[in-house]
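Trainee: I have a new structure open and would like to learn how to read it. Could you walk me through some of its features?

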Amino acid sequence: MSTYVWNPTPEYIENANVTRLARAHGIDSIGALRRRSTADVSWYWDAAITDLGIPFATPYESVLDLSKGIEFPDWFVGGAFNAVDACLTRWLDHAADRTAIVHEAEDGSVRTLTYGELAERVGRAAAGLAALGVGEGDTVAIYLPMIPEAVVACYAAAGIGAIIVPLFSGFAAPAIASRLNDAAATAVIVADGTIRRGKKVAMAGELAKALAQSPSVHSVITVENIGDATDFDAAKVTVTPWGELLAAEPYEFRPFPAMQTLMLGYTSGTTGKPKGAVHTHAGFTVKVATEVAYSFDIDQGDTFCWITDMGWVMGPLAAFGTHANGATLLLYEGSPDIPDSCRLWDLVQRHRITMLGVSPTLVRALKSTPLPEIAARDLSSIHALGSTGEPWDPDSYDWLADGVFGGRVPVINFSGGTEVGGSFLAPYPVEPIPSCSLGGPSLGMDVDVVDDGGRSQRGVIGELVCRQPWPAMTRGVWRDRARYLESYWSTFPGIWCHGDYARADDDGQWYILGRSDDVMNVAGKRLAPAEVEAVLTTHPAVAEAAAVGVPDPRKGETVWAFWVPRRGADVEGVSDELRRLVATGVGKPFAPAKVWMVEALPKTRSAKILRRAVRAAAIDADPGDLSGAENPEAVVAIRDLVHRPSAG
């Protein structure tokens, strides 16, 4: 059991953005601010907009209108807004020379753009898109790695009223085609490729194959990133090089209704086609601006970096949230452990990163680095650490927070999702944060943990829900009202059910324990994978682990565990030791019936373990959509291991 707790200094509290917000309204604690923010959600979002100076071209008449029902709220009624104005234009009069983007590629090359340069490129790209016939309401897919052109493309398309569709840079043709068709995309902006782990990853070629099944696309804009040739001759589309797109005079942006659709964020399901979560100009921008300002304490002149991809919600969140606060966005393109496990820390030192976002799996992969090697890097610029995507284990959390950073900065471990447009739960840097904790509800988010009857409960595992709407709540599943209502509103009428299991302790600390379909039910007792995995990863031979539930005629489900060995570790007898560790650390009824050593676990590009795919391989079932997996071959390897004749 970890005893680590982040305790903010008086100076940290005094200078925090969230302290400024609270004091402006006579509030003296984060707990009181949380309570006020959900007692009157309209008050909170209006107060945050005022505090951060987020510009509306036409002021809204009311913050929230629920006349269509809680499932279909209208925000910032009567207001006019453009995300480009909120993120870029507002800074040009006095901060045009401030750095807006720093990009570092895996080979170490660096590019920068000031706010003035970024705004000009956005204006030119917008004019180029308009000249190609792209207009308000059209959907534009962004299939680019983490390069400056990805940010320019997002702002340019959004600025003219088109709807951006960010795509994961590792998608193959079938996954691309399914999203292009669902969105009815008219244009795609694509790179020739990217470099990851020193190898070329072709992108334009995958798009060319996808276009054969994507009849709605009429324009392709190509970005030369690695110098590879692109060939779309067979696709019957207009092809425009990026340089030509930027040849036009800058576009004159105009405001739209605040709830104008900004983006479709696609989230993969275990079955069926991916869901396109609908986000709006004002709703998404306001929410992510508050996340970056209050949770991560970013201000003008700071540098925000999240190791992610533009195709996941953290990519747009990082861009829009950072620029809405006038800060610098650092984009890293490549693997964060190339050429060695200190690449991430070298990145911090070179670019004086203020807020660094990582995943627990990435940290587990870096834990083998000797602490003296990390200490040789200057990490003093870090003011906060960010984390999302999966539960922590205490050993890895404490290694990062206490071992690497000596307890001097908070870990802002927050949880939400694509359809949330940000976080449900997050600690704030002005409060004590125990190891692995999510703190509590994010400001303005009326979340709760409930039992199967929808009744609030504490101290036990339950469903994570939200009782009131928020500005970045998806406006629906794109062109599928029934699926939206079924996905989020059918479990508890009038209450958003997110599909996560969580626990809120009596002392106010919150923990996410995994997706509802990941949580195991062993002899009638709910068991989260994180509880088992936290024990497994304490073993010195274990680099990472996954626990899944498989059918059992006696218990209903039983636990199977899969673990990846550390490089050079002695693996003899480790599986038996791990079974005993879980029996001691979690309880004998939850000791894994099977423990398997594997070479790799299937993960997303952002290093989140795909437990549903592990479980599917274990029981020889369909793993569902693996288009977001970086290493789908790991699923095949696990299936072969478990089901080979000599297994077991």
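Mentor: Gladly! Keep in mind that this is a predicted model. Let us begin with valine 223, which, leaving aside its neighbours within four places in sequence, is in contact with Leu144, Ile147, Glu149, Ile189, Val190, Ala191, Asp192 and Trp242.

Trainee: Where is valine 223 placed, and is valine 223 buried or exposed?

Mentor: Valine 223 belongs to strand S12, residues 219-223. Its relative accessible area is 4%, and because the cut-off for buried is under 20%, valine 223 counts as buried. For a sense of distance, valine 223 and valine 598 are 375 residues apart in sequence and 38 Å apart in space, C-alpha to C-alpha.

Trainee: How should I read a sheet?

Mentor: Strands of a sheet pair through backbone hydrogen bonds, either parallel or antiparallel. Here, seven strands make an open sheet with mixed pairing, in the order S6-S5-S18-S17-S19-S20-S21. Strand S6 (110-114) and strand S21 (411-413) are at the edges with a single partner strand each, so one side of each has no neighbour in the sheet. On average, neighbouring strands of this sheet are turned by 20 degrees against each other, direction ignored.

Trainee: How many bridges join strand S17 to strand S18?

Mentor: Three bridges join S17 (residues 303-306) and S18 (residues 328-333), and the two strands run parallel.

Trainee: What does serine 381 contact?

Mentor: Leaving aside its neighbours within four places in sequence, serine 381 is in contact with Val348, Arg352, Ile353, Thr354 and Arg408. A polar atom of the serine 381 side chain lies 2.7 Å from the backbone oxygen of isoleucine 353. Serine 381 sits in the loop between helix H16 (371-375) and strand S20 (384-387), and it is buried, with a relative accessible area of 15%.

Trainee: What about antiparallel pairing?

Mentor: Look at strand S15 (residues 261-267) and strand S16 (residues 275-280), which pair in the antiparallel sense over six bridges. Tyrosine 266 has glycine 276 in S16 as its bridge partner. Six of the seven residues of S15 are buried, so the strand is largely enclosed by the rest of the structure. Another case is an open sheet of three strands, S22-S23-S25, with antiparallel pairing. Its edge strands are S22 (415-417) and S25 (440-441). S22 pairs with S23 (residues 422-426) over three bridges, and glycine 416 stands opposite serine 423 in S23.

Trainee: And how do I describe two helices packed together?

Mentor: Two packed helices are described by the angle between their axes and the distance between the axes. The axes of helix H21 (residues 611-619) and helix H22 (residues 633-643) come within 8 Å and cross at roughly 35 degrees. By class, this contact has nine nonpolar, one polar and one charged residues. The crossing is right-handed. Among the residues that meet there are Ala613 and Ile619 in H21, and Val635 and Arg639 in H22.

Definitions and conventions. Residues are numbered from 1 along each chain as its sequence is written. This is a predicted model: local features need pLDDT of at least 70, side-chain atom pairs count only at pLDDT 80 or more; totals for chains, interfaces and linings use all residues. Side-chain values use heavy atoms; hydrogens and water are left out. Helices (H or I, at least four residues) and strands (E, at least two) are DSSP runs, numbered from the N terminus. Buried means under 20% relative accessible area, exposed over 50%, partly exposed in between (1.4 Å probe, protein chains only). A polar contact is a pair of N or O atoms within 3.5 Å; within protein, one must be able to donate a hydrogen and the other to accept it, and residues adjacent in sequence count only if both atoms are side-chain atoms. Contact means heavy atoms within 4.5 Å. Two strands pair if DSSP finds at least two bridges between them. Axes are lines fitted to C-alpha atoms, for helices over the stretch in contact, and angles run from 0 to 180 degrees between N-to-C directions. A crossing is left-handed if the near helix is turned anticlockwise from the far one by less than a right angle, and right-handed if clockwise. Ala, Val, Leu, Ile, Met, Phe, Trp, Tyr, Cys and Pro count as nonpolar, Asp, Glu, Lys and Arg as charged, and the others, Gly among them, as polar.
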